[in-house]
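Trainee: Could you take one part of this protein and go through it closely, with its place in the whole at the end?

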Amino acid sequence: MAFVKATPRQACKITEAFDARWIWPRANSTVKEARDQDNCTIAYQDQDGWFVHSSLAGLKV
């Protein structure tokens, strides 16, 4: 999957628009992922910043 850098606001708005939830995929993980209703990762946050799936990055939310 291709992800692009985003602002925290953009990542959170996209997550909200798709009714996704933020999870930590593994114990002691430093990456927090936003998973949609189909359990697909649509955004994530790590030490380098916030990222959203490239197909959703252009949405106006």
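Mentor: A residue is called buried under 20% relative accessible area, exposed over 50% and partly exposed in between, with a 1.4 Å probe and protein chains only. By that rule strand β4, residues 41-46, is mostly covered, since five of its six residues are buried. The model is a predicted one, in which local features need pLDDT of at least 70, side-chain atom pairs count only at pLDDT 80 or more, and totals for chains, interfaces and linings use all residues. Residues are numbered from 1 along each chain as its sequence is written, and side-chain values use heavy atoms, with hydrogens and water left out.

Strands here are DSSP runs of E with at least two residues, helices are runs of H or I with at least four, and both are numbered from the N terminus; two strands pair if DSSP finds at least two bridges between them. On one side, β4 pairs with β3, residues 32-35, in the antiparallel sense over four bridges, and Thr-41 of β4 stands opposite Arg-35. The hairpin of β3 and β4 has five residues between the strands, among them Asn-39, which takes a positive phi near 65 degrees.

β4 also pairs with β5, residues 49-53, again antiparallel and over four bridges, and there Tyr-44 has Phe-51 of β5 as its bridge partner.

As for the whole, the elements run β-α-β-β-β-β from the N terminus on, which comes to one helix and five strands. Of the 61 residues of the protein, 36% count as buried.
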